[in-house]
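Here are my notes for you, in numbered points. Keep the picture open while you read, and find each residue as it comes up.

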Amino acid sequence: MKLKQLIKIQHPETHVCLYSGTDIKDKSDLLYDGTAGEIDLEKYGDYDIFYIGGAADQPIGMRYWINKNESE
């Protein structure tokens with residue numbers, strides 16, 4: 001699934017962290033930290049989502065890992 005497809009169904013105020021890579025334990029390559037409504041879909045929208053996880057440190061939030069290799 002592409003990021004732009006998933007973001008369309010997210011509430012715009014949902015807190016989102018967007019990471020690059022395929023290691024879900026590695027949060028060092030943070031690409032975006034903000035609300036779903038403010039993600040630059042021109043930049044990240046066509047990237048494939050590798051993994052989706054809830055953000056336990058946020059009351060309402062999601063974490064997405066995207067795979068740059070397949071999306072660039």
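Which side chains meet in a salt bridge at 2.8 Å, N to O? Lys2 and Asp48 do. A salt bridge here is a side-chain nitrogen of Lys or Arg within 4 Å of a carboxyl oxygen of Asp or Glu.

1. Before going further, a word on what you are looking at. This is a predicted model, where local features need pLDDT of at least 70 and side-chain atom pairs count only at pLDDT 80 or more, while totals for chains, interfaces and linings use all residues. Residues are numbered from 1 along each chain as its sequence is written, and side-chain values use heavy atoms, with hydrogens and water left out.

2. Lys2 sits in the segment before helix H1 (3–7) and Asp48 sits in strand E3, so the contact ties together parts that are 46 residues apart in sequence. Helices (H or I, at least four residues) and strands (E, at least two) are DSSP runs, numbered from the N terminus. For cover, buried means under 20% relative accessible area, exposed means over 50%, and partly exposed is in between (1.4 Å probe, protein chains only). Lys2 has 27% relative accessibility, so Lys2 counts as partly exposed. Asp48 has 16%, so Asp48 counts as buried.

3. The structure holds two salt bridges, and the other one to look up joins the side chains of Lys4 and Asp46 (2.6 Å, N to O). Lys4 belongs to helix H1 and Asp46 to the loop between helix H2 (41–44) and E3, so this pair ties together parts that are 42 residues apart in sequence. Lys4 is partly exposed at a relative accessible area of 32%, and Asp46 is partly exposed too, at 44%.

4. Now trace strand E1 (residues 15–20), where six of six residues are buried. In a regular strand the side chains alternate between the two faces of the sheet. On one side of E1 you will find His15, Cys17 and Tyr19, on the other Val16, Leu18 and Ser20, and they are all buried, so both faces are covered.

5. Who are the neighbours of E1? Strands pair if DSSP finds at least two bridges between them. E1 runs antiparallel to strand E2 (residues 30–35), with five bridges joining them, and His15 stands opposite Thr35 in E2. With strand E4 (residues 61–67), E1 pairs in the parallel sense over six bridges. Two spots to check there are Leu18, opposite Tyr64, and Cys17, opposite Arg63.

6. Strand E4 has another partner as well: E3 and E4 pair in the antiparallel sense over six bridges.

7. Next, the rings. A pair of aromatic rings is described by the distance of the centres and the angle of the planes. Rings of Phe, Tyr and Trp (its six-membered ring) pair if their centres lie within 6.5 Å; planes under 30 degrees apart count as stacked, over 60 as edge-to-face and the rest as tilted. The structure holds three aromatic pairs. In one of them, the centres of Tyr19 and Trp65 are 4.8 Å apart and the planes are at 20°, so the pair is stacked. Tyr19 is in strand E1 and Trp65 in strand E4, 46 residues apart, which makes this a link between distant parts of the chain. Both residues are buried, with Trp65 at a relative accessible area of 3%.

8. Trp65 also pairs with Tyr51: the centres are 5.7 Å apart and the planes at 65°, so this pair is edge-to-face. Here the link runs from Tyr51 in strand E3 (residues 48–54) to Trp65 in strand E4, 14 residues apart. Together, Tyr19, Tyr51 and Trp65 form one aromatic cluster.

9. Is Tyr51 buried or partly exposed? Tyr51 is partly exposed, with a relative accessible area of 36%. Along with Ile24 and Phe50, Tyr51 makes a nonpolar surface patch of about 260 Å². Patches are made of residues with over 30% relative accessible area and no salt bridge, and like charges are joined within 9 Å, nonpolar side chains (Val, Leu, Ile, Met, Phe, Trp, Tyr) within 5 Å. Accessible areas come from the Shrake-Rupley method with a 1.4 Å probe; for residues, only the protein chains shown count as cover.
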